[in-house]
Structures are given as C-alpha cells and as structure tokens.
Amino acid sequence: MALSRPATAGDGDDRLHMARAIGLAERGRYTTDPNPRVGCVLVRDGQVVGEGWHRRAGEPHAEPLALAQAGERARDATVYVTLEPCSHHGRTPPCAEALIAAGVARVVCAMVDPNPRVAGRGVERLRQAGISVDVGCLESEARALNPGFVKRYEQGRPYVRCKLAASLDGRTALATGESKWITSEAARRDVQRWRAGSSAIVTGLGTVLGDDPSLNVRLTAAELSGMAADDPVRQPCRVVVDSHWRTPPTARLLGLPGRTLIVGIGPRDTAAAALEAAGAELIRLPEQAGRVDLAALMAELARREVNEVLLEAGSTLSGAAVRAGLVDEILLYQAPCLMGQAAKGLFDLPGIDTMLDRVGLEILEVRSIGRDLRIRARPDL
Ligand SMILES: Nc1nc(O)c(N)c(N[C@@H]2O[C@H](COP(=O)(O)O)[C@@H](O)[C@H]2O)n1
C-alpha cells in the first residue's frame, strides 16, 4: 500500500510533539511486550490537550488514553502517534475508529504498523473518514523504540542483542573457566535493564554447565523507569540451546519464576522427560551441522511473539550466531583489566584467514558504566 509522506516528514512543531510522543512511548520499555511501545499526544490550538502511552498488552492503546484525557477538546485536534493507529479488533478495539468518533482533524504518525493485521489499513480508514494523515515524522526514532516488534513482522525473527563482558584485551574467562566478576556491579546492573526490556534471554548448554546462571531480572519495578512501584516485573522467557537435553534438571534457572524453553535436536529420551518434569518446555528444532539450527530457533521465537532477544552465551554460541547473520547488535562491557592470552576470547569465528574475511562492525555508542566501558556495535555483514 503506497502511503504519501510529507517531503519534510513533519515541520518543527510536528517534530516537537512527536518527540514528546516518543518520550511517552519509552515509558512502556519494560512492560508492553509482546506489544509495541507507543506514545500519543493530542494538540489543539497549539496546546497539548491529551497524552497517553501503551502500558501493557490487553490494556488500552496510547490513543484512547490520550483521547480520554482530552475529552471534548479532542474535536479538531491533531494527533501525534508513534505508530499507525490500529484498524483491527485485537485484545482492544480499533484506535482509528476511536479517533474518528472523537472528531480529530489530523493524524501524524511516525511509521506504518508492520503488523499485517494493520499495515496501512489504519491510515486508509482515517483518510476515508476525511481526516488528514501524514506518515514519517521522526520515523527512524520511532522504529528504534521497537526494534524487535519491527524485525519480527518485517523479517520473521526477533532483534538479537549479543551481550558479552570482557577484559580490555578481549578475554571473557580464564582458561579454568573462572569469570566472576570481570565487570563491575554497575555494569551488571545495566545488564539487568537490558534483560528487563527483552522478551527472551538465550544461552547455551556450556554456560548453564559452567556458570549455573539465573538469567532472570532481579531489579524491582521501582528501579525500572516508567514502571509504577507496584507493577509486576516481567520475567523474560529463558531459552537454553542444548542439542541433546544435557541440561541438569537441578539447574538454577529451572527453579525460578518465569518460563524456560530448552531447544534441541535429539529424540525425546529419559533426560528430556526429566527436564519436562523439572518444569522446562522442550522444543525440537531442525539441525544444522549437528547443532540446533539457530535461524530455525529465531523463527520459532518470532512465532511465539518474541520481539527482542538478549543472547548471553559463550564464544561458541555467540560466534555461531554472528556467523549465521543473526546478531543485530553487540553489547560489550569492557573492564579495565588484562587477562592474558591463555584466557578465552569473545567469539569463536573459525575461517577468518584474511583481512577480507573479518567481520566489520559499526559502532553505535560508547559510554562509561561505572569503571567499565559499554560498547554497542552492529555487525556489518
Ligand atoms: N497504534 C497503536 N497504539 C498502541 O498503543 C498499540 N499498542 C498498538 N498496537 C498494535 O495493535 C496490536 C495489538 O493489539 P491489541 O493490544 O491486542 O488490541 C499490536 O500488534 C500492534 O499492531 N498500536
């Protein structure tokens, strides 16, 4: 469906109000999953008359909340919304109809909803009702609010962040396997926030056997911005890549609140049954060279409405995901220490024999977190 975009994608006022709507949407960072983060601002005669943001799937969308706040002042208002108003009956009624009923004059949306149940139909419905609609104001900022939601609908897989902690010489563990702790408490708290914003945390059997990790969110609602102190903290689904069901049923992550999926390729056997009895959900996936096909895993997670994955694994699984072209972002915490060449590296990437073979990266951000550095980078594959 062709949707006309203004040449400037919004004038100064449009961009200002859309920036506010994006700020509102941010408040849903830790709660909306699997729904997108969406914010909405209603403006009449230059005054903001209503604001709303989507908090949780099953609860009202951003637009009806902004309309409720504006009341009668919504008539003839301009609506700034970070995602196209929906046109379908999902868990909640269609926002486009609510905007039409309220008599708004104009709608500015940052981006078309990639959900095929909407995908331009919301814009079309508003225009049919005589409402002027502009699409594309601060579009890239709006897409960045929901990298996983967008990726899931556009490419059929989640947005994957690969988190790693290393010394300044790029080592993640001593040869003995000892790795606690390379980075500071501040960096580990920062990781907790990334976990809280993710739909799933994926790890490998090696990490489970070596570290017995919890892979849960241990921050309280009061410590996560946008959440009310009494909001329940959502636990992302934990996923263990374990080809032959060798995860110990006593693994710490199986005893914690939240779901644990174990994905493998082996036939169901007594070990598999013991894991199911311990509370895990087992999924058999296609194999790729004797291991779980990671592309098939990501497709399966997308089918289960997983938007953002935090991959917290060792060099084998992290390297395999990079090689498979499945890592969208590397989130690397680098501590001010040196661990020496006997220690383990970040990515297992065999077959890089010439400089032409190396994996290029685009640095997205570098910042200090306590005494450590946090580098966010995008593989350039
Ligand atoms: N425009 C808009 N505003 C919001 O606040 C939203 N949460 C969405 N979400 C879209 O609607 C789908 C979910 O619908 P239900 O919450 O089940 O009714 C979601 O997949 C988006 O396409 N859109």
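Glu-63 counts as buried because it has 31 C-beta neighbours inside 10 Å; a residue is called buried if 20 or more other C-beta atoms, placed from the backbone, lie within 10 Å of its own. This is a predicted model, in which local features need pLDDT of at least 70 and side-chain atom pairs count only at pLDDT 80 or more, while totals for chains, interfaces and linings use all residues. Residues are numbered from 1 along each chain as its sequence is written.

**Around Glu-63**

Glu-63 sits in helix H2, residues 62-70; helices here are DSSP runs of H or I with at least four residues, and strands are runs of E with at least two, numbered from the N terminus. Leaving out residues up to four places away in sequence, Glu-63 touches Cys-40, Gly-52, Val-79, Val-81, Pro-85, Cys-95, Ala-98 and Leu-99. Touching, or being in contact, means that the C-beta atoms of two residues, placed from the backbone, lie within 7 Å.

An unreviewed UniProt entry lists Glu-63 under "active site". The unreviewed entry also places "domain: CMP/dCMP-type deaminase" at residues 12-134. Such annotations may be inferred rather than shown by experiment. In the model, the end C-alpha atoms of residues 12-134 lie 14 Å apart, and the span is 33% helix and 20% strand.

**The ligand**

Which residues are closest to the ligand? Among the 20 residues that surround the ligand, the closest are His-54, His-61, Gly-90, Arg-91 and Asn-115. A residue is near a molecule if its C-beta atom, placed from the backbone, lies within 6 Å of it.

**Two domains**

An automatic or database assignment sets the domain bounds.

| Domain | Residues |
|---|---|
| Domain 1 | 36-145 |
| Domain 2 | 147-379 |

Taken over C-alpha atoms, the centres of domain 1 and domain 2 are separated by 35 Å. Where they meet, six residues of domain 1 are in contact with five residues of domain 2.

**Nonpolar cores**

A nonpolar core is a set of buried Ala, Val, Leu, Ile, Met, Phe, Trp, Tyr and Cys residues joined through C-beta atoms within 7 Å. The largest one has 51 residues, and Val-160 and Ala-321 touch the most other members. Strand S6 (residues 159-167) supplies the largest share of this core, six residues. Apart from this core lies another of 45 residues, including Ala-25, Ala-62, Ala-96 and Ala-142.

Technical notes:
A residue is buried if 20 or more other C-beta atoms lie within 10 Å of its own, exposed if 12 or fewer, and partly exposed in between; C-beta atoms are placed from the backbone.
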